[in-house]
Amino acid sequence: MKRWLFKFLDYLKYEKKYSNLTIDNYKRDIEYFFEFLNDRKTNNIKDVKYQCIREYLVHLHNHQYSKKTISRYISSLRTFFKYLYNEEVINNNPMVLISNPKLDKKLPTFLYTNDLEELLSCPDLDTIYGIRDSLILELLYSTGIRVSELVNIKLKDINFTDRQIKILGKGNKERYVLYGDICTKKINLYLNNSRNELDIKKSEYLLLNKNGTKLTPRFIEILIKKYQEQAQIKVKVTPHTLRHTFATHLLEGGADLKTVQELMGHESLSSTQVYTHVTSERLRNIYIHTHPRAKK
């Protein structure tokens, strides 16, 4: 079975052009399924039938995995068995009748303007690291990019004239994001007063650590947590919170869904539509708490 897993991973890498992170996730998910098969003394992938998959889902449920995690495991197996079927390794696809669990609807967390401004004003602009951190927060909010996209921005990706940044998103898909006056000032401040001090290895990346190498997503997560605590913001703030805030504020300002979809790099419009629920819920709360006829 391992042989077909490795062939599948090569397929994802060379034909589907998936990122290393995505491939690692597939590998981990499928290896966990293989452990389940091994416990059942099933050593041939051709012996995996529909009932086996059902028993695996019961196993996940009994071990109290969340609906979201179970859904991810199912999606990984669906892609894997589809590959095996197309390669004629198996005659019947056991995943055909398997559906993902219905996920509980959870609205994305975003920051209100006052909390956002508190967060953005936290970094100390009298230090090279504070200048860098200020740019990190501003880029995440002003462009709505993912943290994985942020750390991979290279100097050559920035069009300073048109105020655009070329972003390499999920599935190695390129898109361009825009930035405005405030972000322009912070980019210039960083390039003129901070980056030269950090660039001890002549890096091509925009954002650097004290060793002169590019930052990691985990580093930025820790950084934002520090500033969240400093700003005394009660809700948990992550890089994705700033991405959610970007989309929510655009829609509140009158942007259309299609534009927000393109700026965020969403493949499906349905991924962007969740933010309309956020803005609608916010309007509802404002109405309930302010209109005299709405109060209980």
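## Helix packing and salt bridges

Glu 221 is partly exposed, with a relative accessible area of 31%. Arg 218 is exposed, at 54%. Here buried means under 20% relative accessible area, exposed over 50%, and partly exposed in between (1.4 Å probe, protein chains only). Glu 221 and Arg 218 lie three residues apart in helix α10 (residues 217-231), so about one helical turn separates them.

This is a predicted model: local features need pLDDT of at least 70, side-chain atom pairs count only at pLDDT 80 or more, and totals for chains, interfaces and linings use all residues. Residues are numbered from 1 along each chain as its sequence is written, and side-chain values use heavy atoms, without hydrogens and water.

A salt bridge puts a side-chain nitrogen of Lys or Arg within 4 Å of a carboxyl oxygen of Asp or Glu. The count comes to 13 salt bridges. Three of them are listed here.

| Pair | N to O distance |
|---|---|
| Arg 132 and Asp 133 | 3.0 Å |
| Asp 199 and Arg 195 | 3.2 Å |
| Glu 221 and Arg 218 | 3.2 Å |

Arg 132 and Asp 133 are both buried. Asp 199 and Arg 195 are buried too.

Helix α5 (residues 113-120) packs with helix α6 (residues 128-143) at about 150 degrees, their axes 10 Å apart. Axes are lines fitted to C-alpha atoms over the stretch in contact, and angles run from 0 to 180 degrees between N-to-C directions. Helices are DSSP runs (H or I, at least four residues), numbered from the N terminus. In contact (heavy atoms within 4.5 Å) are Leu 116, Leu 119 and Leu 120 of α5 with Ser 134, Leu 137, Glu 138 and Tyr 141 of α6.

Conventions: Helix = DSSP H or I, 4+ residues; strand = E, 2+ residues; numbered from the N terminus.
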